[in-house]
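Look over the sequence and the structure before reading on.

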Amino acid sequence: MSNPILATWATPFQIAPFDSIADDDFAPALDQALAEHRAEIDAIAANPEPPTFANTIEALEGAGQGLDKVLSVFFTVAGADSNPAREALQRAFSPKLAAHFSAISANKTLFARLAALWDQRDDLGLTDERARVLMLTHRGFVRSGAALEGAEEARMKEITARLASLGTAFAQNLLADERDWSMDLAEDELQGLPEFVIDAARAAGAEKGRPGPIVTLSRSLIVPFLQFSSRRDLRQVAYQAWGARGANGGETDNRDIAAEILALRGEQAGLLGYDSFADFKLETEMARDPGRVRDLLMAVWGPARARAEADAEVLTKMMREDGVNGELEPWDWRYYAQKRRLAEHDLDEAALKPYLQLDRMIEAAFACATRLFGLNFKPLDIALYHPDCRAWDVTRNGKHLAVFIGDYFSRASKRSGAWCSAMRSQAKVPHAQTPVVINVCNFAKGDPALLSWDDARTLFHEFGHALHQMLSDVTYESISGTSVARDFVELPSQLYEHWLEVPEVLTKFATHADTGQAMPRDMLDKVLAAANFDMGFQTVEYVASALVDLAFHQGKAPADPMAKQAEVLAKLGMPHAIGMRHATPHFAHIFAGDGYSSAYYSYMWSEVMDADAFAAFEEAAGPFDPERAAALEKFILSTGGSKDPAELYIAFRGRLPGVEALLKGRGLAAG
Ligand SMILES: [Zn+2]
């Protein structure tokens, strides 16, 4: 019998036949698919015909269809519904996949064909889209070192391997430091802590075999502890332990690792012909130039710092009223900010929740997509990988466009967080395929299931990514849907969050689970106002980290990153009572891998765009302005990576975004 993963899927819309796939099918399917892909690549490389777009680039696009099937099914279940067998498979697969893809980028005969096409690019008569796919493919190979020869090629391999092991060590040291520290709390040390924090502290204690509640360095426990504990001495101890992660001396110290990583990245960029790692990294981003990133961050820094300084005065005054003298310290900020939040906003989360029913919020996300883009959603009754999964047939004017799958509830077999992935991406070549898109979240189950405000935002966020996949209308899979620059990919998702905040959407869909009543206007106002609370603090801690990240990767790598960090913060005038969101020895975003190295700014870059893009609707006829919606689909949601992102944004908005809408959105605008 043939492997069900690689067989033709005779299911509605060719969705993976999960109910006939067993865990034992994955390993043989992967081996077979890798072998087939290798054979396809070898055939493309060995083609005796001179290279053409069709026999090289288009052939590469069409290769690996079996591999796509195996990986899409496997990574879906490994992330959303794992078990020990799937975890073991994942450990076995990752070195195999890494070796497979690095062998492709090191294939010299294949690269010679790409390089020849690249040299002739102006004479090939390519469409804009094809020219872009050629550029991206060629650039991807060059960036992974395909054009290097001899000693340089060997050194590049060494650096890549060393960086991978340093990244792993960095992450493991951080985990070890987080695991090794905890603080027991006696009964009289629970002052100020609400029941839910004490419960979490007890659960953490039980997990560690302690007799009572403890504080650990897990963000989900230490942050509420710092917000609520009225014991200033304990807050100080906990805060300092949190800040010392990765910098405790001994075997788990990350400071030397950070220095070595930065030096190797600098060398890597030099081998590939760039002035600095930041120049290398930003080449593929919308921002392009480290100078533009710095300008953006500095434009936000000034107003954020001013707001934080003003807030510090208010908090210091509250601390004085508590009879505490001395300066407001980093372990005081969250505590007094929380008190201030209660005094100024008194938003009762418990009273809010019944208004945010999961099913109604899904309806709300769909209804906005119906009004904006004419999409319709019809439930599909099909077997998926878990009974909690739901699926919809997404159509427009009666035409099938995509399948949308929602897997919303938390369970032990699911990794934490929320994400959107395409089990199949839209493409027209080698044959037309419609997307199968999945949103995975970790909401608590209930009858009915109720969401927090953050949960509801997450639901809209992930659905924004799903729209980017479902509305994709390009020729090639490699540039389809969310295959765009990192600092552009969060635009559709963060933008979609704005529709949750539209009062008429909340009034219609945020109805009470018991009474069916719409959310009262004063609650709605409080929810919207509370979203901006303490933004000075949040912006300062984030922007400081982003500026340190950028400084690390621009110019010559610093021999002593801690000294460089201190220098950057001193120059900025970092407020005394605010720490970086991620200080160097535990800045996993930029050191545990290189996904966000010199790219930590990208969250804010996207926010600048989403605020500015939503303002385009507000400046027109409002959130559902049909012309703006059509432009959003035409220039951003349907175009994937087929054009330069800055060009796309300008096509939508008529200009690049400024920071004004972001400052206004965060409540940081002057006046
Ligand atoms: Zn996202």
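## Contacts and burial

Among contacts in the chain with a separation of 6 or more, 74% join residues 24 or more positions apart. The model behind this figure is predicted. Of the 671 residues in the chain, 54% are buried.

## Fold and dimensions

The chain holds 27 helices and 7 strands. Its radius of gyration is 26 Å, close to the 26 Å that the globule rule gives for 671 residues, so the chain is as compact as a globular protein of that length.

Taken along the principal axes, the C-alpha atoms fill a box of roughly 85 × 60 × 55 Å.

## Surface and charge

The accessible surface of the chain is about 28700 Å². Carbon and sulfur atoms supply 52% of that surface.

The chain carries 67 positive and 94 negative charges.

## The zinc site

Which residues are the protein donors of the zinc ion? They are H461 and H465, each through NE2, and E490 through OE. These donors lie 2.1 to 2.2 Å from the zinc ion. Along the chain, their spacing reads H-x3-H-x24-E.

Helix 17, residues 453-470, contains both H461 and H465. The two histidines sit 4 residues apart, about one turn of the helix. Buried or exposed, where do H461 and H465 fall? Both are buried.

Terms used:
Residues are numbered from 1 along each chain as its sequence is written. This is a predicted model: local features need pLDDT of at least 70, side-chain atom pairs count only at pLDDT 80 or more; totals for chains, interfaces and linings use all residues. Side-chain values use heavy atoms; hydrogens and water are left out. Donors are N, O and S atoms within 2.8 Å of the metal (3.2 Å for Na, K and Ca); water is not among the atoms, so sites may look incomplete. Buried means under 20% relative accessible area, exposed over 50%, partly exposed in between (1.4 Å probe, protein chains only). The radius of gyration is taken over C-alpha atoms; the globule rule is 2.2 Å times the number of residues to the power 0.38. Contact means heavy atoms within 4.5 Å. Accessible areas come from the Shrake-Rupley method with a 1.4 Å probe; for residues, only the protein chains shown count as cover. Lys and Arg count as positive and Asp and Glu as negative; His and the chain ends are not counted. The place of a charge is taken as NZ of Lys, CZ of Arg, CG of Asp or CD of Glu.
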